[in-house]
Amino acid sequence: MRDQLVNLLELQSSDGKVKELDAAAKQLPAKLDPLRRDLAKLQGMLDAERAKLAETESWRKSQQEQIDRERDALKNAQSKLQASKNSKEFNAASREVENKRKSISDRESELRKVSEATNAQTTQLSARDADVQKLRDELTSSEAAMADQVKALQDQLAEAKSARDAARAKVQPQWVKTYDSLAAKRGYAVAPVIKGVCQGCHMALPPQLNNILARMESIETCPRCGRLVYRKELLEPPQPAAEGSEPKPS
Ligand SMILES: [Zn+2]
């Protein structure tokens with residue numbers, strides 16, 4: 001029974017290692033999520049600004065076309081002015097010329113203002129474009145570095161899984177079944193007893209049960225949490241944490 005308990009503990013510690021590595025391998029790529037989110041946000045802002053700029057550009061074009069039409073109208077008005085035969089015609093034509101000139105000049109001055117603003121925005125936009133590109137390069141190189149780390153973790157995981165499978169094969173099938181259902185229900189299946197107290201649920205075991213455990217002739221379960229229990233001082237198992245964190249030479 002001692003062997004079975006030792007094997008069960010080995011299975012538990014190798015299972016823990018597999019879980020730990022599996023979680024680390026899954027979490028690693030998510031570390032770049034904040035950078036990805038930043039990048040998407042900045043890109044979205046840039047796209048919106050660029051769309052606005054395109055809108056302004058099409059407005060500018062339509063204004064320019066309007067100015068061209070007004071220039072034609074101005075020419076017409078100027079010919080009318082030259083052809084005027086009396087002061088009434090002359091006054092009407094010169095008013096029209098004046099109006100057209102004013103309208104053209106107003107529109108042109110507004111266009112100039114808009115063009116200046118647009119130029120400043122375009123300059124700003126290309127500076128931001130460069131920033132975003134920098135961030136994108138950063139993400140790409142981080143992703144490349146991370147791919148190596150993920151690969152290393154996956155190798156370790158594969159190694160841990162085969163160690164786990166080997167440990168599992170050493171445990172008798174009926175205990176594997178118990179182990180699995182306890183691990184699923186309780187997180188882990190085997191708990192040490194220290195000074196008569198189950199370390200899985202912190203309940204003091206009945207003294208009788210503690211005495212039975214001292215004999216190591218059977219595998220017993222904690223009456224409260226149902227975990228498989230053993231007296232820690234009789235097995236002194238290696239600490240899974242200390243054992244698990246040691247780098248393996250490869
Ligand atoms: Zn317990």
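Reader: In which loop is Met-216 found?

Author: Met-216 is found in the loop between α5 (207-215) and β3 (220-221); helices (H or I, at least four residues) and strands (E, at least two) are DSSP runs, numbered from the N terminus. This is a predicted model, in which local features need pLDDT of at least 70 and side-chain atom pairs count only at pLDDT 80 or more, while totals for chains, interfaces and linings use all residues. Residues are numbered from 1 along each chain as its sequence is written.

Reader: What is the phi of Met-216, and is the residue exposed, partly exposed or buried?

Author: A residue is buried if 20 or more other C-beta atoms lie within 10 Å of its own, exposed if 12 or fewer, and partly exposed in between, with C-beta atoms placed from the backbone. Met-216 has a positive phi of about 55° although it is not a glycine. Met-216 counts as partly exposed because 15 C-beta neighbours lie inside 10 Å.

Reader: Where does Lys-195 lie, and is Lys-195 buried or exposed?

Author: Lys-195 lies in the loop between β1 (190-194) and β2 (197-198). The phi of Lys-195, a residue other than glycine, is also positive, near 50°. Lys-195 is exposed, because 9 other C-beta atoms lie within 10 Å.

Reader: Which residues of the largest nonpolar core touch the most other members?

Author: In soluble globular proteins, nonpolar side chains tend to be buried together. A nonpolar core is here a set of buried Ala, Val, Leu, Ile, Met, Phe, Trp, Tyr and Cys residues joined through C-beta atoms within 7 Å. The largest core has 17 residues, of which Leu-8, Tyr-179, Val-190, Cys-198, Leu-228 and Val-229 touch the most other members. At least two residues each come from α1 (2-30), α4 (173-186), β1 and β4 (228-231), and α1 gives the largest share, four residues.

Reader: Which residues does Val-190 touch?

Author: Two residues are in contact if their C-beta atoms, placed from the backbone, lie within 7 Å. Leaving aside residues up to four places away in sequence, Val-190 touches Leu-8, Leu-9, Gln-12, Arg-227 and Leu-228.

Reader: What is the radius of gyration of the protein?

Author: The radius of gyration is taken over C-alpha atoms, and the globule rule is 2.2 Å times the number of residues to the power 0.38. A compact globule of 250 residues would have a value near 18 Å, but the protein has 41 Å. Its C-alpha atoms fill a box of roughly 130 × 40 × 30 Å along the principal axes, and 12% of the 250 residues count as buried.
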